[in-house]
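Hello,

Here is the structure I promised to pass on. Please have a look at it first, and then read my notes below.

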Amino acid sequence: MRPSRFHEKGLYFIDELLAAAIGAGQPVLEPVGSMVINIGGGNTQAGVFSLGGLVCSGSLHNGGRELSRQIMEYVRKQYGIMIDISTAERAKMRIGSLLPQDMEIDQVTLNGRNMQTGMPDAAVVTTEEMREAINPVVTEIVDCIYQVLEQTPPDLAADLIENGVTATGGAVQMHGLIELIEERTHLKINLAKHTSDAVIRGVQKVMQDPSAWNGVFSDLLQ
Ligand SMILES: Nc1ncnc2c1ncn2[C@@H]1O[C@H](COP(=O)(O)OP(=O)(O)OP(=O)(O)O)[C@@H](O)[C@H]1O
Ligand SMILES: [Mg+2]
């Protein structure tokens with residue numbers, strides 16, 4: 001690639017998901033297909049890479065934060081109690097798993113404010129209720145990933161069957177989510193070693209030697 005006027009000034013643009021793929025150690029420059037999913041707080045992205053480029057992708061303006069918001073909404077509607085987002089976030093992490101398990105904590109006490117009396121109050125919510133509350137958003141996330149696979153050319157799909165898919169982003173740590181994606185896609189999903197900071201690690205890697213990564217920079221603004 002011809003050095004652009006941005007590169008001369010030390011400015012480079014890279015797709016966020018591609019940076020996550022590089023940060024997770026995917027062979028994005030190679031003539032093979034690799035797929036990365038990134039489920040963050042507000043966004044879900046999925047893409048297939050080959051020869052340094054994005055072959056097909058999909059995204060959704062929903063992620064881990066929406067799962068917590070659904071728990072807040074459920075407690076408000078069902079119990080008339082307003083809890084704050086950090087309480088919902090902690091509850092989400094205590095669900096244990098999106099899949100029913102034998103050894104799970106079966107209920108959580110959520111402190112908030114009674115919407116009728118205005119007084120402090122608490123709701124005791126079962127993990128089963130919380131799972132049901134977030135299920136529609138979980139389904140949207142899994143569908144988004146599935147749709148990218150549907151667009152994947154067959155030769156690259158064969159590489160994904162062989163090597164699996166790499167998962168990045170904080171919300172992939174939600175227990176059971178990986179298993180649900182595996183169930184729907186029939187692919188092996190490998191959790192990246194550094195799920196939450198794959199993007200920044202990818203950026204660091206390319207900035208250490210930009211000339212070695214020429215093919216991955218976006219030329220949209222050149
Ligand atoms: N152990 C965990 N279990 C479930 N969810 C988790 C866990 N750890 C982090 N999360 C969720 O991960 C999300 C944050 O992920 P991440 O740091 O990748 O987001 P972000 O990069 O800030 O957001 P985005 O990429 O969407 O703009 C939050 O919704 C948080 O609740
Ligand atoms: Mg992110």
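By the rule used here, a residue is buried if 20 or more other C-beta atoms lie within 10 Å of its own, exposed if 12 or fewer, and partly exposed in between, with C-beta atoms placed from the backbone. Gln116 sits in the loop between strand S5 (107–114) and strand S6 (120–126). Its C-alpha atom is 7.3 Å from that of Gly80, although the two residues are 36 apart along the chain.

Before going on, a word on what you are looking at. This is a predicted model, in which local features need pLDDT of at least 70 and side-chain atom pairs count only at pLDDT 80 or more, while totals for chains, interfaces and linings use all residues. Residues are numbered from 1 along each chain as its sequence is written, and chains are lettered from A and ligands numbered from 1 in the order in which they are written.

**The chain as a whole**

The chain holds eight helices and eight strands; these are DSSP runs, numbered from the N terminus, with helices (H or I) of at least four residues and strands (E) of at least two. Its C-alpha trace spans about 65 × 40 × 25 Å along the principal axes. Of the 222 residues, 34% count as buried. Among contacts with a separation of 6 or more, 62% are between residues 24 or more positions apart; a contact here means that two C-beta atoms, placed from the backbone, lie within 7 Å.

The domain assignment gives domain 1 (17–62 + 135–198) and domain 2 (64–134), with bounds that come from an automatic or database assignment. Their C-alpha centres lie 28 Å apart. Where they touch, domain 1 gives 16 residues and domain 2 gives 12. On the domain 1 side, the elements giving two or more residues are H5 and helix H7 (177–185). That side has seven nonpolar, eight polar and one charged residues. For these classes, Ala, Val, Leu, Ile, Met, Phe, Trp, Tyr, Cys and Pro count as nonpolar, Asp, Glu, Lys and Arg as charged, and the others, Gly among them, as polar.

The largest nonpolar core has 52 residues, and Leu18, Ala20, Ala21, Ile71 and Val75 have the most contacts inside it. Such a core is a set of buried Ala, Val, Leu, Ile, Met, Phe, Trp, Tyr and Cys residues joined through C-beta atoms within 7 Å. Helix H5 (residues 127–151) supplies the largest share of this core, eight residues. Both domain 1 and domain 2 give residues to this core, so it lies between them.

How much of H2 is covered? Seven of its eight residues are buried, namely Leu17, Leu18, Ala19, Ala20, Ala21, Ile22 and Gly23. They pack against strand S1 (34–39), strand S2 (44–50), strand S3 (53–60), S7 and H8. After H2 comes Gly25, with a positive phi near 80°.

Val28 is in the loop between H2 and S1, and it counts as buried because it has 25 C-beta neighbours inside 10 Å. Leaving out residues up to four places away in sequence, Val28 touches Leu18, Ala21, Ile22, Ser34, Phe49, Gly52 and Val216.

**Helix H8**

In helix H8 (residues 198–208), Ala198, Val199, Gly202 and Val206 are buried. Seen down the axis of H8, these residues fall within an arc of 100°, so they line one face of the helix; the arc is that of the directions from the helix axis to the C-beta atoms. They pack against helix H2 (16–23) and strand S7 (165–168). Met207 and Gln208, on the other side of H8, are exposed.

**Around ligand 1**

Which residues come nearest to ligand 1? Of the 15 around it, they are Gly40, Gly41, Asn43, Gly64 and Gly170, where a residue counts as near if its C-beta atom, placed from the backbone, lies within 6 Å. Helix H3 (64–79) and helix H4 (85–94) are the elements that give two or more residues to this shell. By class, the shell has three nonpolar, 10 polar and two charged residues. Domain 1 and domain 2 each provide at least three of the shell residues.
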